[in-house]
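Subject: Handing over the structure

Hi,

Here is the structure I promised to pass on to you. Have a look at it first, and then read on for my notes.

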Amino acid sequence: MAAADSKATRMYRALLRLLPFDFRSDYGPEMEAVFHEQRKEAGRRNGTAGILRVWWETIVGIFRTAPGEHLAMFRQDAGFALRMMRKSPGFTLAAILTLGLGIGANSAIFSVVNAVLLKPLPYEHGDRLVVLQHRMGALNQAFSALDTSDYRTQSRALDGLVEYHNMNFILLGRSEPERVETGVVSWNYFEVFGIKPLFGRAFRPEDEQPGAPAVLMLSYEYWIKSFGGDPTVVNKTFTMNDKIHTVIGVLPPVPQYPNENDVYMPTTACPFRSSPSTVANRQARMVQVFGRMKPGMSVSQAQADLSGVAANLQKAYPKDYPEGNSYSVKTTALEEALTHNARPTMLVLLAAAGFVLLIACANVANLNLSRMVRRERELAVRAALGAGRMRMFRQLLTESFLLAVIGGGLGLLFSWGALDLLVSFASRFTPRAREIHMDAWVLGFTFLVAVLTSVLSGTVPALAARETVVGTLKEGGAQSTIGRGKHRMRSLLIVGQVAVSFLLLIGAGLMLRSFVKLQHVDPGFQPENVLTMDIALDFVKYNTNDKQRAFFETLLDKVQMQGGVKSAAASMMIPFTSGMTMTGDFQIEGQAPEPGQAMPKADFRIVSPSYFEALHIPILNGRGFMQTDRPGNPDVAVLNRSAALHLWGGKDPVGTRFSADGGKAWIQVVGVVGDIKQYGLDKDVVDEIYVPLAQNPMSQASLVIKTAVEPMSIARGVIELLHGVDPNQPAARVRSLEQVRAESVAAPRLTTNLLGLFALLALAIAATGIGGVMALAVGQRRHEIGVRMAIGARPAEILRMILGQGLALALIGVALGLFGALWLTRLLQQLLFEVTPTDPLTYVGVAVVLGLAALVACYVPARRASRVDPIIALRVE
Amino acid sequence: MTAAQNNVEPFGPLTPAMFHVLLALAGDDLHGYAILKEVELRTGGKVRLSTGTLYGIIKRLLNDGLIAELRSRPVESQDDERRRYYRLTPQGRQVATAEAERMDEILSIARSRNLLKKTRMA
C-alpha cells in the first residue's frame, strides 16, 4: 500500500511539472496532500474504478489549467520586462538595434538561400529536368538536329527531350524598331518543363511544321514590360523580320535558362535551324538540349543511359565524333545548372550573417551582464522576497525574448527594405533571383532565429544572476563588487566576439584583396572611352554576304566621320563577354595531322580593320587588317600571342597558312597581336585567330568605337547614323566598355561589399563591446585604482594598465580567430582570385585593424581611469 | 446593489466552478480538500473539482482578494501541516452575493416565463 502511495505521489508530481514553477512551489505540496486524500476516499468508496476516475479528472484538470497559468506568468513577466526596458532606454535601444541588425542580416540572406537553393524549381517537373552537354574534350559543344533526334529516339531514361537556341528578331510597328531576344524551341518545350501558359495556349505539333503560320509566346517579363500586362495581347499580330507573327500565349513568371528571352518561337521560325543543310548535317551543332527523366530515374541512371547513346553514335558516325576529341555527353540536373553559380557565394554569406548574429548575441549578453550589475540589488531583493531561482531565470529569459522579438521585427524591416537590392544581387548568379520574396518561410525562419537569439543572449546573464543573488544583500554597501566569475564570463564573451570578428574581417579582407587584384588585371587593351552597342541584322533582309558586308562598311564609314570618334570598328563580340563563340579545328600547312590525333583548335573572331586600333591592342608582329583584305584578295588572319606560341610552336607564324575546311581554302597569317582577356578579368587567355569582317561577313556584330569624348555622349548620334543606314535596324545594349567591365566584375564586387558590410558591423559591435566592458571594469575598480594611485602609481601607468588589459582580451580573441580563419577560409577558395585563403598580408592587416579598434575602444575608459582622483575614490568607501 | 456591482466588475464573470468555491467558503473557513468535498456534497456529486482546477481557482481568487489564507490553523495538533485554510473576504462575500443576485434575477425571469416551478422557492 505504501509502495502504491509513493508511486502515485511520484506520478502526481510528474504531472505537476506541467504547471509553471511558481504555481508548483506555491501550491504543489498542498495539492499533493489533497490529491492523496481524494484518491484514498475514492478507493474506499468505489475501489479501483473510483481511483481511475480521480486520476482521469486530475489529468484533465491539470492539462486544462496549465496553458492559462503559463500564459498568465508570461504576461506578468512580459509586463515587468517592458517596464524594465522603459527604465533603461539606452540599453534597450542598443540591444534592439544590435539584434535587429544581426537578425536582419540573417533573414535577408535566408530569403535568398530559401528561394534559390532550398525551394524546388517552380516547374511542374522541376526535379526530373536535366541539361545535356556535349563535350569534345574539355569543350562544350552544341547539339545538331540529328544529334538531338538520335538522343530522343535512343534514350531509355528520358521521356521527353527538347532543344533550345537563342537568336534575335526585329520587332517592327512600335515607335522604334525593337530587338527581341528570342528562344527558339521544340514545340513541346514548355510541356516537358511543365509550364502552363498564363493566357492563351502553348505550342502544338502543327506549329512546328514547315510552312506553318508563324506564332510566338511572350515571356512574362516582356509581357509586363512591353504590353503592360494586357491579356488581350493574345491573338494580336506583329511583324518580326519579314513575317507576321501571331501571339498565341503568355508564359507565367518562371526562371528562364540559359537566357532571359522576350519571346519564344518554334524551331521552324529560325531559317538557319530549319534550312535543309542544317537539318541534314550532323556537324551543324547549334542547339542546347534539355531532357525530362522518367519518374523515379536518378541523374546518374540517366547519365549512364545517355553515355550509352553517345557510344553508339560514336561507333555509327566516326567522322562526326572523331576519336581524338574524347567525345562524351554530360547530364546535369537543371536545378544544379540553375543554381551552382550562386551556391558558394550564398552559403558563405549565410555563414557570415550567422557569425554577425553570434556577435550580436554575445554583445547583448554582455550588455545584459553589465546591466545585471546595476540590477543586482533589485534581483537580490526579489530573491529575498521569495522569488525562486527558476522564477528569476524565467523573468530574465522573458526579457531577452522580448528584446529578440522586437529586434527580429526590426530585422524583418531591414531585410524587407533590402529586398530589391538582394534580388538584383542574386540575379548576377542565378535566373531564380526573381523568386526571392518575404514569404512564410522567411518569417518562420526569422522567428526561429529570434527565439534562438533570446536563448543565446539571455541564458548567460540568467545563469550569472543565480550567483548574484547569493552575495549582494550580505555586502550591503553602496558599492558592489562584481563576482569574479561574472567578470570572467564577460571577458570570455569579448574574446569570442573578437575571434568571430577576426574571422569575418579575414573573409572580407580576402575578398577585398582578391577584388583589388581583379581590378588590376591588365586586360591587354584600353577599355577607356569606348562605346559599344550590339547590332543584329534582319537576317531576312540581309541574307547575303554582300549585303551584310555593305551594311557594316557603310555604317562604320559614317560613324568614323562623326565628331568625337577616333576609330570605329565592328567585332563579333566585345571583351568581357562570352556571347557568340566560334571554336574551330584547323590544320597548319605542312603539318598534316596524324590520324586519331586532335587538330589544333582556336576561338575565331571576326573583326573589322580598326578593331585593334580602337582597343589599343598592340600589333606584335606583321600587320593588322587592311581595307584591301577583301573577297578577291587572299584570305588572311591575325593570331593572338597565345595562339602563335601554343599552336605555331613559337615559330614565326607570319606568312604561314592554315585551313579550317580540310584544305579546300587556305588562310594566310599576316600578323600577331597581343593577348586580351576576352571572357573576363578572372578568366584565362585563350588561343584566338582573328579574321577580317570583309572576308567573313556576319549578321550580328557589336560596334566598338574609340572616342575622344565621354563615350555615352555620342551614343544617340551613332544610333541616328544607324537609322540613317536602315531605319528598321535597332541597336541593343548600348554601353561603354567600362560599364561592360564593371558589370563583368559586379558579382565579386557585390559579394565583397556584402561581406565587408557584415565584417564592419561585426567590428563595430565587437569594438563597442570591448569599450563597454572596460568602461564598466574601470567604474567598478575606481576604489582599487584610487589605492594604486595613492601609493604612487602614475596616471600614465594606470592608462597603460587598462589599455593593456583591453588589448590582452583582443589579442586572445585574435589568436582564437586565427585558428578559426585558417580552418574556415578554405570555404572561400572558390570565390577568390589569385589570393590564397592564408594570404599573410590580409591576416596581418586585419590583426592590426582589429588591434587598433580595440585600442581606440579602450582608450576612453583608460583615460578616465588615469584621471581618477584617489581622494575622491577612497572617500566613497 | 450598485455598489456591489461596481466592486464585481474588475473580476470579470465568475465561472460556475469559481462560484461554487465561493459558496463553499461562504459557510465556513475550509482547507482545499474540504472545499472539494463541500462542493461535491452541495451539488449532489454533479460538480467534481480536480486538484488542478481547484488550485487554479484558489490562486485567482487569492490574487483578486476574494479569499484569503488563514494564518492560524483551527486544530493544529491533528492536522496535515501541508493543509492551508481559506476564508471568504468581505469583498469576496460581496462578489458572491452579487453573483447570487444576478442569478436570482435570471431565475425570476425564468419563472415569469413559466420555465420553473414557483414551489421550489423556499
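This is a predicted model: local features need pLDDT of at least 70, side-chain atom pairs count only at pLDDT 80 or more; totals for chains, interfaces and linings use all residues.

Let me start with how chain A is divided.

Where they touch, 5 residues of domain 2 of chain A are in contact with 4 residues of domain 3 of chain A. On the domain 2 side of that contact there are 3 nonpolar residues, 1 polar residue and 1 charged residue.

A word on confidence: chain A has a mean pLDDT of 87, with 95% of its residues at 70 or more. There is one stretch to point out, residues 475-482 of chain A, over which the pLDDT is below 50. Beyond near neighbours in sequence, that stretch has 9 contacts in the model.

- Strand E18 (residues 619-622) of chain A runs antiparallel to E21(A), joined to it by 3 bridges. Here A:Asn621 stands opposite A:Val672.
- Strand E19 (residues 636-640) of chain A pairs with E21(A) in the parallel sense, over 5 bridges. In this pairing A:Ala637 is set opposite A:Val669.
- Strand E20 (residues 657-659) of chain A is antiparallel to E21(A), with 2 bridges between them. A:Arg657 stands opposite A:Gln668 of E21(A).

Now to chain B. It holds 5 helices and 3 strands, and along the sequence these follow the pattern α-α-β-α-α-β-β-α. Of its 122 residues, 30% count as buried. Among the contacts in chain B with a separation of 6 or more, 58% are between residues 24 or more positions apart.

The strands of chain B include an open sheet of 3 strands in the order E1-E3-E2, with antiparallel pairing. Which strands lie at its edges? They are strand E1 (30-31) and strand E2 (67-69) of chain B, each of which pairs on one side only. Between E2(B) and strand E3 (residues 85-88) of chain B there are 3 bridges, in the antiparallel sense. One residue pair to look up there is B:Ala68, whose bridge partner in E3(B) is B:Arg87.

Finally, the place where the chains meet. Here 15 residues of chain B are in contact with 18 residues of chain A. On the chain B side, the elements that give two or more residues are helix H3 (32-42) and helix H4 (51-63). Which of the elements gives the most? That is H4(B), with 6 residues. By class, the residues on the chain B side divide into 3 nonpolar, 6 polar and 6 charged.

That is what I have for now. Over to you, and enjoy exploring!

Best wishes

Note on methods
Residues are numbered from 1 along each chain as its sequence is written. Chains are lettered from A and ligands numbered from 1 in the order in which they are written. pLDDT is the predictor's confidence in each residue, from 0 to 100. Two residues are in contact if their C-beta atoms, placed from the backbone, lie within 7 Å. Two strands pair if DSSP finds at least two bridges between them. Helices (H or I, at least four residues) and strands (E, at least two) are DSSP runs, numbered from the N terminus. Ala, Val, Leu, Ile, Met, Phe, Trp, Tyr, Cys and Pro count as nonpolar, Asp, Glu, Lys and Arg as charged, and the others, Gly among them, as polar. A residue is buried if 20 or more other C-beta atoms lie within 10 Å of its own, exposed if 12 or fewer, and partly exposed in between; C-beta atoms are placed from the backbone.
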